[in-house]
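Please keep the sequence and the structure in view while reading.

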Amino acid sequence: MPSLPPHLLLPLLLFSFPLSTSPRPVPEKLQYEKHRTAFQPVHANDTWRSFHRLLDLERGSHVDGLSVLKRYFTRFGYLAEPDPAEHAESFDGRLESAVVRYQTNLGLPVTGKLDAATLAQIMTPRCGVPDSNVTRSNHTGPVARFTFFSGRPRWAGSKPLTLTYAISPAHTIDYVRRSDVAAAIRRAFARWAKVIPVRFVEVTDYEAADVKVGFYGGDHGDGEPFDGVLGILAHAFSPESGRLHLDAAERWAVDFGDDESESAVDLESVATHEIGHVLGLGHSAVKEAVMYPSLSPRTKKVELRVDDVEGAQALYGSNPNFRLSQLVESETSSSAYRNSIGGGGDAIAWRIWIGILIMLIV
């Protein structure tokens, strides 16, 4: 039988395998190169850019830069203040335990070392609310990974609860129209109001509002200073504080079509996340959830997922006009569809790799 020309062999190979087969691992070298680029910073002023030098470090390593990583883990609740007698640049048992807790909390493979997936997550811009000091839900199912602030605080009042909010007239940004900022914030509040019996009413009196939204830079007096472009994006405080602060140093966008900056951050996505904190939710381990702690530049993530909704409803009950079952069915269908097309990108990468090898042999 005559052999097929190389230019016909690769397409035949890619479509000859059933798409429902389980993905096979990508060869180690190709996998490493793919992961090596996965966590490269997209902006020269990334707060945590230097961490890329720590790839694949594990317990027993001694490298300059680990002390900065330890400060990162201290900032987000994974390490206590360092022991003065401790070697600052050593990957010790305390740091390994912190890495394991971080991987567990963020739904990453638990390896205890700074593998590519973990390092990429560490370098991604995120919310400034620590991942510690939370109460985990007692939900035992496979979906719910939501948390609450310690003590499970919530806004008090009879149902339906009404909360007022205002956007600071002084602490703002000048390159996005105020009406566009207000519209993005309004949509963010409306997403939560749709699923819980809480009404959010915009008012003009900033000081009297229950929830106060503003753009602040650096050390702005609340004990949680911001750190510049693409580090901590925003933070909010537990009920009934009502403070919701966005880092004024970020390049905020309401429409990526109108803003071509590589470091642009979607305002509505971050506001939706921080309102979750205002209501009493902590961070989720579900990557698709709005309450997952990180968000990449030029990414829009505004749709509440089942995990977000279940967490909010555990605190406030359900909006009688909302049916959680519809959202569950939608997510289940989406998950089934993804599983039916070959198990994801690794399976496709494996087929392409085999195709390339055969072409080289031919």
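## The sheet

Five strands come together in an open sheet, arranged in the order β4-β3-β5-β7-β6 with mixed pairing, where two strands pair if DSSP finds at least two bridges between them. The strands (E, at least two residues) and the helices (H or I, at least four) are DSSP runs, numbered from the N terminus. Because β4 (198-202) and β6 (234-236) stand at the edges with a single partner strand each, one side of each is left without a neighbour in the sheet. From one strand to the next, the twist averages 20°.

Within this sheet, strand β3 (residues 161-167) and strand β5 (residues 211-216) run parallel and are joined by three bridges. I167 has V213 in β5 as its bridge partner.

## How the model was treated

This is a predicted model, in which local features need pLDDT of at least 70 and side-chain atom pairs count only at pLDDT 80 or more, while totals for chains, interfaces and linings use all residues. Residues are numbered from 1 along each chain as its sequence is written, and side-chain values use heavy atoms, with hydrogens and water left out.

## Helices on the sheet

Helix α6 packs on the sheet and touches β3, β4 and β5, its direction making about 160° with that of β3. Contact here means heavy atoms within 4.5 Å, and axes are lines fitted to C-alpha atoms, for helices over the stretch in contact, with angles running from 0 to 180 degrees between N-to-C directions. Helix α7 lies across β4, β5, β6 and β7 (243-247), and runs at about 150° to β7.

## Two helix pairs

The axes of helix α6 (residues 178-193) and helix α7 (residues 267-279) cross at roughly 45° and come within 9 Å. That makes α6 oblique to α7, since angles under 35 degrees count as roughly parallel, over 145 as roughly antiparallel, 65 to 115 as roughly perpendicular and the rest as oblique. The contact involves, among others, V181, A184 and I185 of α6 and L267, E268 and A271 of α7. Its residues divide into ten nonpolar, two polar and three charged; Ala, Val, Leu, Ile, Met, Phe, Trp, Tyr, Cys and Pro count as nonpolar, Asp, Glu, Lys and Arg as charged, and the others, Gly among them, as polar.

Helix α3 (residues 66-75) and helix α4 (residues 93-105) pack at an angle of about 50°, with axes 11 Å apart, and are therefore oblique to each other. On the α3 side the contact is made by L66, L69, K70, Y72 and F73, and on the α4 side by L95, A98, V99 and Y102. These residues divide into eight nonpolar, no polar and one charged.

## Backbone details

Most residues other than glycine have a negative phi, and most peptide bonds are trans. The peptide bond from K159 to P160, however, is cis, with omega near -5°, and P160 is found in the loop between β2 (147-149) and β3. A cis bond also leads from P239 to E240, with omega near 0°, and E240 has its place in the loop between β6 and β7.

D56, in the loop between α2 (28-38) and α3, has a positive phi, near 70°. D56 is partly exposed, with a relative accessible area of 33%, where buried means under 20%, exposed over 50% and partly exposed in between (1.4 Å probe, protein chains only).
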